[in-house]
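These are my notebook entries on one protein. I record what I looked up and in what order.

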Amino acid sequence: MFFENLGKGLILFLGEGNFSFSASAVNRSTEDELPNIYVSCYEKEEGFSFSKNNIEKVHVEIEIEEVQTKKLKKESILKNEKKSIIKNENMSYLKSRGCQVLQGVDAELLHEDARLANLSFSRIIFMFPHVGGKMKIDKNRQLVLNVLKSAQKMLDRNGQVVITLCRGQGGTPFETIERVPADTWKIVETGHEAQFVLSQVYHFPHELFQQYYQVGYRGLQKGFNVEDSVVHVMELSEPIEVLPLENLNSIKTKILDAKEDSSFPVSLYPPRFIHHLSFWITDELSDKLLSQIISATVGEYVLSWRTVDRYTSGTGRQSQTIEVEYSDLRRSLGHSRAVRLHSQVLGQSLARCAGVECRL
């Protein structure tokens, strides 16, 4: 599992608000020194000290406010003070174990952080990433996408990004509860868009991390339920560039050059995309030639294809519409890449090799 063998390779923890998870993980290690571990949080070094004098100063400033407002502010101060104490204690412990502790690290811009320059990590771990607030699924998807795109530049050759989400958020078949896709973070689709595949998935063993004090429910200093939360291990799997055919003579070469590559990681639950392509046809296009062009260009990504419509215009021009289902069982295939394969690679190949005119 991802928390084992912490002494191997460079490891980066992201979004460690109070550093309690990384401290728990390090506490499980038998290594005396762990200089290979970098732990980070988004918040910058605190410029405000929650001392007795500061608390009294805030109390004076809110004397003119209503009693209920005073109570809420006092509770907020005490919660922040508790967070600060826990955070500082965990930071001190991590430093004592030789870990590198960094504050003010933006997980979406890792590649721009000078402190991480020239480093390549074997694992990047992000526990329960969240933008804060309620019902911001689209923003959370974007957060994960940006983190993965940045992490792509920070991983070594066989590196992994480990993302843990609450029950149901990931939206994979592994979940113990099923949500409609629109209510999930679509972790697989998001990963593929950033050229990552999901290679492992399992439940987070929260019982092994008793010191982990997770907070952030709806952006507040409030705990949340981690029961049946899911660990997603993402591995980089860059796709191979595919270009349109130049002419009919290149069809045979394309087919012969297709090879299996066993070096890619296993891709769990590869996404599927269905697209339609309509075009004006000529006498040159037969079903056999159409099949050959599809096979020679995007064939290794096509699960199935079929003709779904034929149409003759008032002027006698004939049109054909095909439906193609795309998926890649070995490499990453996100939505934007599937669209490119369909419209630019297949569409242009049909135009060049069969003289069709694609319809917009």
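**The β8–β11 pairing and its sheet**

I began at the end of the chain, where Phe-279 has Cys-358 of β11 as its bridge partner. Strand β8 (residues 273–280) and β11 pair in the antiparallel sense over 2 bridges; two strands pair if DSSP finds at least two bridges between them. I noted that helices (H or I, at least four residues) and strands (E, at least two) are DSSP runs, numbered from the N terminus.

I then looked up helix α8 (residues 335–354), which packs on the sheet and touches β8, β10 and β11. The direction of α8 makes about 25° with that of β8. Axes are lines fitted to C-alpha atoms, for helices over the stretch in contact, and angles run from 0 to 180 degrees between N-to-C directions. Contact means heavy atoms within 4.5 Å.

The sheet is open and has 4 strands, in the order β9-β10-β8-β11, with antiparallel pairing. Its edge strands are β9 (302–312) and β11 (357–358), each of which pairs on one side only. Helix α7 (residues 287–297) lies across β9 and β10 (318–326) and runs at about 140° to β9.

**Source of the model**

I recorded that this is a predicted model, in which local features need pLDDT of at least 70 and side-chain atom pairs count only at pLDDT 80 or more, while totals for chains, interfaces and linings use all residues. Residues are numbered from 1 along each chain as its sequence is written, and side-chain values use heavy atoms, with hydrogens and water left out.

**Strand β7**

Is β7 (230–236) enclosed or open? I found that 6 of its 7 residues are buried, so β7 is largely enclosed by the rest of the structure. Buried means under 20% relative accessible area, exposed over 50%, and partly exposed in between (1.4 Å probe, protein chains only).

Strand β5 (residues 155–165) runs antiparallel to β7 and is joined to it by 6 bridges; Gln-160 has Glu-235 in β7 as its bridge partner. β6 and β7 also pair in the antiparallel sense, over 7 bridges, and Tyr-202 stands opposite Val-231 in β7.

**Two positive phi values**

Phe-19 has phi near 65°, positive although the residue is not glycine. Phe-19 is in the loop between β1 (11–14) and α1 (20–27) and is buried, with a relative accessible area of 0%. Asp-228 has phi near 60°, also positive in a residue other than glycine, and is partly exposed at 25% relative accessible area.
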